[in-house]
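Please look over the briefing below with the sequence and coordinates to hand. It takes one topic at a time.

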Amino acid sequence: MRKDSVIAVDMGGTNIRTAIIDRSQTILYRNVQATGPDPLATLKELLQDSVSAAKTALSGIGIATAGLIDHKTCRILSSPNLNNLAGADLKGIVEGWHNMPVVIENDANAAAYGEKIAGAGADKNDFILLTLGTGIGGGIVTGGRLLKSAVEAGHIKISSTGSQCSCGDTGCLEAYASGWAMVNSAIQGIEAGTESIIKQMYNGNFYKITPEGIYEAALEGDSLARGVLREAGRHLGIGIGSLINIFSPEAVILTGGLTGAWNIYVDAAIKEASKRALKDLLTEDMIIPSALQGDAGIIGAAFLVFDKSS
Ligand SMILES: [Zn+2]
C-alpha cells in the first residue's frame, strides 16, 4: 500500500473540519474551526495547518461541502448555509492555494461514499444514505460507485399541499420530516393550545425548542412531542418508501442528529416505509444506522481523492 495521505475537509454552516487520512482509513490528524462569516478565510487557514502537520506525501485535497454542486464544472451552484460560496469555483480557488489535485463533493454524497469505504455500506453495492438534521440530504452508491448526482432527497414531493419548504415549493419531504419541520410543528401545536412540558422546559419561551428538546420531552412521555416525532417519522417513511421503489437498494442508511431519536422517529419511518414500498423490493432490516456518523463525509472525501490518484 502506498504511504501517501490526503487532506479531507467537511465544510458545514457551523464548523469546518479538516483531517489527514491515509489509505488504510486511519485519521492521522484532525482540526476544526467555527465556519465564521468568511468560510473561505477559515478554510485557507485550516488547510495551511494541515499541510504543515502532514508527515507523509499528500496526494490531494478532498472537500465535502454543504450545497448543490455542478459535477461538470465543480462549481458550487448554491449553498444556503455557507456565506458567499454560491457560484464559487471552490476547486479552482483551493488549487490556486496548494499545488495538488482537489476534489469537491456534496457533503451527503461524500458521506454515502464514506459509508461504502469503511462503514455500514462496506459490504453493499447499492444503497441510499439520508442525512437527517436541520435539513435532509441524500447520497446514492450504485454498482459500488458514488452516483454523481445532486440527490436532493429532502425536496422529493410527498404531498400536493402543505407548508412551504426552504426551497420555496410546498409538499417537500424536508417540510414534514426534518429538524426544522419538527420545531415548526411543535411550536404550532403549543400555539394552538395543546398542553406540553416543552413550555416549562424553556421557561415559557417555547420558540427556542430544538429537535433534541422535543426528543427529551418525548422521553418524559409528553404526548405533543411524541406526536411530532411520530408524524415526522411517518412522513420520512413515505419518502423512504418512494426511494426504495425507484432504486431498489440493498439498504437505506440513516445518519445525522435526528437518528438520536431512533426509537420513536425512525421506528415510525420504518413502519410507514414498509407499507409504502413494493413488497418485493423490501427486505427485513434494510433501514439501518450509519456506522461512521460524523466521520463519513471526510472519509468519503479522502477516498474520492485516492480513487483519482491511484
Ligand atoms: Zn423543498
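This is a predicted model: local features need pLDDT of at least 70, side-chain atom pairs count only at pLDDT 80 or more; totals for chains, interfaces and linings use all residues.

Five strands form an open sheet in the order 10-9-8-11-12, with mixed pairing. Strand 8 is largely enclosed by the rest of the structure, because six of its six residues are buried. Helix 7 and helix 8 pack at an angle of about 120°. N203 and Q293 each have a positive phi, although neither is a glycine.

- The order of the open sheet is 10-9-8-11-12. Its edge strands are strand 10 (145–146) and strand 12 (287–289). Each of these two pairs on one side only.
- Strand 8 runs antiparallel to strand 9, but parallel to strand 11.

**Strand 8**

- Strand 8 spans residues 127–132, and six of the six are buried.
- In a regular strand the side chains alternate between the two faces of the sheet.
- Both faces of strand 8 are covered. F127, L129 and T131 are buried on one side. I128, L130 and L132 are buried on the other.
- Six bridges link strand 8 to strand 9 (residues 136–142). T131 has G137 as its bridge partner in strand 9. L132 stands opposite I136 of strand 9.
- A hairpin of three residues connects strand 8 to strand 9.
- Five bridges link strand 8 to strand 11 (residues 251–255). L130 has L254 as its bridge partner in strand 11.

- Is strand 9 mostly covered or mostly open? Strand 9 is mostly covered, with six of its seven residues buried.
- T142 stands opposite R145 of strand 10.
- The hairpin of strand 9 and strand 10 has two residues between the strands. In that hairpin, G143 takes a positive phi near 60°.

- V252 has I287 as its bridge partner in strand 12.

**Helix 7 against helix 8**

- Two packed helices are described by the angle between their axes and the distance between the axes.
- Helix 7 covers residues 211–219 and helix 8 covers residues 223–247. Their axes lie 7 Å apart, at an angle of about 120°. That angle makes helix 7 oblique to helix 8.
- The crossing of helix 7 and helix 8 is left-handed.
- Which residues make the contact? Helix 7 contributes I214, Y215, A217 and A218. Helix 8 contributes A225, R226, V228 and L229.
- By class, the residues of this contact divide into seven nonpolar, no polar and one charged.

**Positive phi in two loops**

- Most residues other than glycine have a negative phi, and most peptide bonds are trans.
- N203 has a positive phi of about 50°. N203 sits in the loop between helix 6 (198–201) and helix 7.
- Is N203 buried or exposed? N203 counts as exposed, because it has 8 C-beta neighbours inside 10 Å and the cut-off for exposed is 12 or fewer.
- Q293 has a positive phi of about 45°. Q293 sits in the loop between strand 12 and helix 10 (296–309).
- Q293 has 16 C-beta neighbours inside 10 Å, so it counts as partly exposed.

**I20 in strand 2**

- I20 belongs to strand 2 (residues 15–22).
- I20 is buried, because 23 other C-beta atoms lie within 10 Å and the cut-off for buried is 20 or more.
- How far apart are I20 and S50 in sequence and in space? I20 and S50 are 30 residues apart in sequence, and 7.1 Å apart in space, C-alpha to C-alpha.
- Leaving aside neighbours within four places in sequence, I20 is in contact with S5, I7, L28, Y29, S50, A53 and A54.

Notes:
Residues are numbered from 1 along each chain as its sequence is written. Helices (H or I, at least four residues) and strands (E, at least two) are DSSP runs, numbered from the N terminus. Two strands pair if DSSP finds at least two bridges between them. Axes are lines fitted to C-alpha atoms, for helices over the stretch in contact, and angles run from 0 to 180 degrees between N-to-C directions. Angles under 35 degrees count as roughly parallel, over 145 as roughly antiparallel, 65 to 115 as roughly perpendicular and the rest as oblique. A crossing is left-handed if the near helix is turned anticlockwise from the far one by less than a right angle, and right-handed if clockwise. Two residues are in contact if their C-beta atoms, placed from the backbone, lie within 7 Å. Ala, Val, Leu, Ile, Met, Phe, Trp, Tyr, Cys and Pro count as nonpolar, Asp, Glu, Lys and Arg as charged, and the others, Gly among them, as polar.
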